[in-house]
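Subject: Model for your files

Hello,

Here is the structure I said I would pass on, with my notes below it. Please read the notes with the model open.

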Amino acid sequence: MTETANARKIAFATFVRRALDEARATRAWSGTEVSRRTGVSRQTINRWVRGDWASDPEAERVVAFCEGLGLDRATAFTALGWDRQSAAHRAGATPPPMDPDVQALLRRLVDPEVSDAEKFHIRETIRYLAYRPTLPIAVSNRGKRVG
């Protein structure tokens, strides 16, 4: 293994370890909870912490980890030694279209006129909806009229 690859592994492992420590300290999240909220398996996160990977982590998983913990993906990409252009390519150059209601919520979250209490309520509601178990199709379609 080259010195550069080893340095990248150490830098990314440090980034992930700090993120996990922060999640435990500020949110009281266990490793299982971090995995659930980010969509990245505990095994993958543990490999990242150990620097035990032969090829670069998948950009989509790195992005999911960062988004689930509210972290800046650019910091993770920098730790991995990815330049901005290759990082944008890895993560998908164009983001998918955003629902107008989601855009409205995001605007409220950055609006200085909206109280901290309301912002907290918006975040907690979004967290609940984002991480609740997915309903089976038969259950979610119940009550809809057919025909």
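Glu-33 sits in helix α2, which spans residues 31–38; helices here are DSSP runs of H or I with at least four residues, strands are runs of E with at least two, and both are numbered from the N terminus. This is a predicted model, in which local features need pLDDT of at least 70 and side-chain atom pairs count only at pLDDT 80 or more, while totals for chains, interfaces and linings use all residues. Residues are numbered from 1 along each chain as its sequence is written, and side-chain values use heavy atoms, with hydrogens and water left out.

The relative accessible area of Glu-33 is 18%, so the residue is buried (buried is under 20% relative accessible area, exposed is over 50%, partly exposed is in between, with a 1.4 Å probe and protein chains only). The side chains of Glu-33 and Arg-36 are joined by a polar contact of 2.7 Å. A polar contact is a pair of N or O atoms within 3.5 Å; within protein, one must be able to donate a hydrogen and the other to accept it, and residues adjacent in sequence count only if both atoms are side-chain atoms.

Helix α2 is largely enclosed by the rest of the structure, because 6 of its 8 residues are buried. These are Gly-31, Glu-33, Val-34, Ser-35, Arg-37 and Thr-38. Just after α2, Gly-39 has a positive phi of about 80°. In the loop between α1 (3–27) and α2 is Ala-28, whose phi is also positive, about 60°, although Ala-28 is not a glycine. Ala-28 counts as exposed, at 67% relative accessibility.

On the fold as a whole: the protein has 9 helices and 0 strands. Of its 147 residues, 27% count as buried. Among contacts (heavy atoms within 4.5 Å) between residues at least 6 apart in sequence, 55% join residues at least 24 apart.

Asp-56 is partly exposed, at 27%.

Arg-108 and Glu-118 form another salt bridge, at 2.2 Å from N to O. Arg-108 is in helix α7 and Glu-118 in helix α8 (residues 116–131), so the pair ties together parts 10 residues apart in sequence.

Within helix α8, Arg-127 and Glu-124 lie 3 residues apart, about one turn of the helix. They also form a salt bridge, with the closest N and O atoms 2.6 Å apart. Arg-127 is partly exposed, at 25% relative accessibility, and so is Glu-124, at 35%.

Last, the surface: Met-98, Val-102 and Leu-106 make a nonpolar patch of about 240 Å². Patches are made of residues with over 30% relative accessible area and no salt bridge, with like charges joined within 9 Å and nonpolar side chains (Val, Leu, Ile, Met, Phe, Trp, Tyr) within 5 Å. Leu-106 belongs to helix α7 (residues 100–110) and is partly exposed, at 40%.

Regards

How values were computed
Areas by Shrake-Rupley, 256 points an atom, 1.4 Å probe, with all protein chains shown as cover. Salt bridge = Lys/Arg side-chain N within 4 Å of Asp/Glu carboxyl O.
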